[in-house]
Amino acid sequence: MSLLQVSELTFCYEGSFDNIFDKISFSIDTNWRMGFIGRNGKGKTTFLNLLLGKYEYEGSISTDMYFDYFPYEIGENDMEKTIDELSSKWKPGVENWRIICELNSMDVDPEILYRPVRTLSHGERTKAMLAVLFSGENEFLLIDEPTNHLDKGGREIIKKYLADKKGFILVSHDRDLLDSVADHMLVLNRESIEVVSGNFTSWWENKQKADAFALAENEKHMKEIGKLRASADRAGRWADKNESTKIGYDPIKEPDRCISTRSYIGSKTKKMQSRVKNFEKRIDREIEEKEGLLNDIESVDDLKLMPLKHHKKCLVECKDFTIGYLSELFDESGAMGEKRVLDGVSFQLMQGDILFLNGENGCGKSSLIKAVLSDIYKKNSYEMNGFHISGELAETDNMITSGKLETASGLIISYINQNTSHLSGGLKEYAEKRGLDYSLFLTLLRKLDMNRVQFEKNIEDYSEGQKKKVLIAASLLTRAHLYIWDEPLNYIDVFSRMQIEKLIETYKPTMILVEHDVRFREKLATRVIDL
């Protein structure tokens, strides 16, 4: 057994006034399968980079293990290289047979090691990188969100693979993955950090109980403080009134008063003033015990959505709809070939439906969304409310379709692209471009737990999770008949996921979604189309 010990760790980025970590201390057994969660921007990836020695910090991090990090960096110049060529750069001294053994344990053909990186899908790259990652010895591995952009099948493979391993920290917002893999949780709370035994669900159940107890204790202390203050106020007023009778009196009303009465009144007043001081000490003690009770409460504000009602019940209808793309390859007659991605899909999207498109990567989910967007765009003269769909529409230029795709006329959509690379500039500039009320936009971002400090930065400097929150906030502020979200939850923290779940469950907008979070889909879907 080896320990990773963190003592009095303090860190902040250069030019920042707020510490990311402030004198935190804990220890981890390096044989654990450690799930690592926290709000977006709380410092999960930063902590992994501190372990890797990328930044200077105060305090100490000590262990006799080496660290390695997923995902490995792939530059533009690496796209024509193979994983076999890159593996020695990522993990010097790695033996090829070990990588092949790891791939075999994932039921992956080792031939992917010898193909150019550009030809590999997201899932293939992830599996190859994990195989390289776990092919070393005496290492504690740092795995940062391995299932982003992976389909259900890919997630199942990664889940089973990691469940058979040990000795790693796994940053993930996928509740299903954390429940299947983690035996301990490292949690970045609002004001503290904790290490607990169990998976996400066991931690969350205990967290809810702890939060409920803290709220009850806080309420009890508030009531006690109120009672003590009322008693102290009564005693203080009585003492002041009594003290004022020491000098001067009415001989008719007090015929029996003598010289000793003054000292008697003074003595009673002194006792009452002493009682007031005791009340004040008890108030201070109650306040001290109350302090910190609510620091780590995970309360989320309810979000609001105001979807529009369309005059037609059916908003989108597909019947035997097929999508293909012109291929660079030519058939036997010399004509340009066709690569088919979707074959004979039929469905109706009625108002109030929450439709999930489900299937492996490359099965045509995004292509179907692009076809729907293109049809809506052709029927409407407005510019889609400024939504970033130019890339999607451009990709339909070589799209070949057959069958029926019919969208209702006059549809207003609210669209979230799975890609965030188009985001740049300040929040105010972005809000103006999208026609959003800037103050409401910032309010919604705060409800999604974005720190005000982030509002001064350019969006391109945000974390991927924060960029996704910008897209979600913009979509929620847009009143629409149809909300089309393509992988909206990639990089979004687990608390915000539950917040968005509750929103959709409450307002029931008409939606088309591509999302691989199993829990999210199971809770919200009124219909699932397996492609």
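Predicted model: local features only at pLDDT ≥ 70, side-chain atom pairs only at ≥ 80, totals over all residues.
Guide: Residues are numbered from 1 along each chain as its sequence is written, and side-chain values use heavy atoms, with hydrogens and water left out.

Visitor: Why is the contact of Lys91 and Glu139 called a salt bridge?

Guide: A salt bridge is a side-chain nitrogen of Lys or Arg within 4 Å of a carboxyl oxygen of Asp or Glu. For Lys91 and Glu139 the N to O distance is 2.6 Å, so the pair qualifies.

Visitor: What makes Lys91 buried?

Guide: Buried means under 20% relative accessible area, exposed over 50%, and partly exposed in between (1.4 Å probe, protein chains only). Lys91 has 5%, so it is buried. Glu139, at 22%, is therefore partly exposed.

Visitor: Why is the pair Lys207 and Asp211 said to be about one helical turn apart?

Guide: Because the two are four residues apart in helix H7 (residues 200-243); helices (H or I, at least four residues) are DSSP runs, numbered from the N terminus.

Visitor: How do you know whether Lys207 and Asp211 are buried or exposed?

Guide: Lys207 has a relative accessibility of 7%, so it counts as buried. Asp211 has 12%, and is therefore buried.

Visitor: How many salt bridges does the structure hold?

Guide: The structure holds 24. Arg175, Arg497, Glu501, Asp517 and Lys523 are linked in a network of them.
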